[in-house]
Amino acid sequence: MSFLEKMKMAGKAMVDSGAKTMLKTDVVFLEREIKNRKQKFGLEMYDLMEALEDDTSLSVEEKEGRIRLAFDITRRDVAATKVKINLKFEEMATMEADTSASLTKRRPLSAEGSAYDDSMVSEGSDAEYGHRPY
């Protein structure tokens with residue numbers, strides 16, 4: 001592996017590390033969004049139940065339907081945010097797999113079974129005389 005390839009890999013690793021940190025930050029914000037949505041649901045539910053308790057014109061089934069609707073909307077919002085979180089984790093896993101693959105990438109072996117190649121030979125070296133550098 002040449003010096004340039006090593007530098008490219010190091011640069012890519014740094015970029016991937018920064019991107020992974022950004023994804024982790026995104027996950028934290030999304031988890032906070034779920035918590036805030038659940039808290040908002042609690043406040044909405046209290047106000048709704050208080051209003052429904054005072055409203056005698058609605059049947060029990062209608063009251064339950066309104067409560068159920070408020071819950072279903074909140075559950076849908078939370079589920080959508082969880083999907084976003086899962087996508088962030090998938091992106092992180094993909095980055096880790098790409099980084100692992102590039103780190104384990106090796107030069108193919110020569111016919112003799114070593115990782116030696118002609119780029120390792122400089123002019124005027126022992127290679128001219130059939131000696132291989134080890």
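## Glu44 and its partner

Glu44 is partly exposed, with a relative accessible area of 32% (buried is under 20%, exposed over 50%, partly exposed in between, with a 1.4 Å probe and protein chains only). Its side chain meets that of Arg37 in a salt bridge, at 3.6 Å from N to O. The term salt bridge here takes a side-chain nitrogen of Lys or Arg within 4 Å of a carboxyl oxygen of Asp or Glu. Side chains of opposite charge can pair when their charged atoms come close.

All of this comes from a predicted model, where local features need pLDDT of at least 70 and side-chain atom pairs count only at pLDDT 80 or more, while totals for chains, interfaces and linings use all residues. Residues are numbered from 1 along each chain as its sequence is written, and side-chain values use heavy atoms, with hydrogens and water left out.

## Arg37, on the buried side

Arg37 is found in helix 1 and counts as buried at 14% relative accessibility. Leaving aside residues up to four places away in sequence, Arg37 touches Glu44, Ile73, Thr74, Asp77 and Val78 (a contact is heavy atoms within 4.5 Å).

## Salt bridges along and across helices

How many salt bridges does the rule give? The count comes to 8. One of them joins the side chains of Lys20 and Glu96, at 2.3 Å from N to O. Lys20 sits in helix 1 and Glu96 in helix 2 (residues 60–104), so this pair ties together parts that are 76 residues apart in sequence. Lys20 is partly exposed at 23% relative accessibility, and Glu96 is partly exposed too, at 40%.

Asp72 and Arg75 also pair up, with 2.9 Å between N and O. They are 3 residues apart in helix 2, so about one helical turn separates them. Asp72 is partly exposed, with a relative accessible area of 28%, and Arg75 is partly exposed at 45%. Elsewhere, salt bridges with shared partners link Arg37, Lys40, Glu44, Arg76 and Asp77 into one network.

## A negative patch

Asp47, Glu50, Glu53 and Asp54 make up a negative surface patch. For the record, patch members have over 30% relative accessible area and no salt bridge; like charges are joined within 9 Å, and nonpolar side chains (Val, Leu, Ile, Met, Phe, Trp, Tyr) within 5 Å. Of these residues, Glu50 is placed in helix 1 (residues 3–54) and is partly exposed, with a relative accessible area of 40%.

## The chain as a whole

The protein chain has 2 helices and 0 strands (DSSP runs numbered from the N terminus: helices are H or I with at least four residues, strands E with at least two). Buried residues account for 16% of its 134 residues. The accessible surface is about 10600 Å², and 59% of that belongs to carbon and sulfur atoms (areas come from Shrake-Rupley with a 1.4 Å probe).

Among contacts in the chain with a separation of 6 or more, 60% are between residues 24 or more positions apart.

Conventions:
Lys, Arg positive; Asp, Glu negative; His and termini not counted. Charge placed at Lys NZ, Arg CZ, Asp CG, Glu CD.
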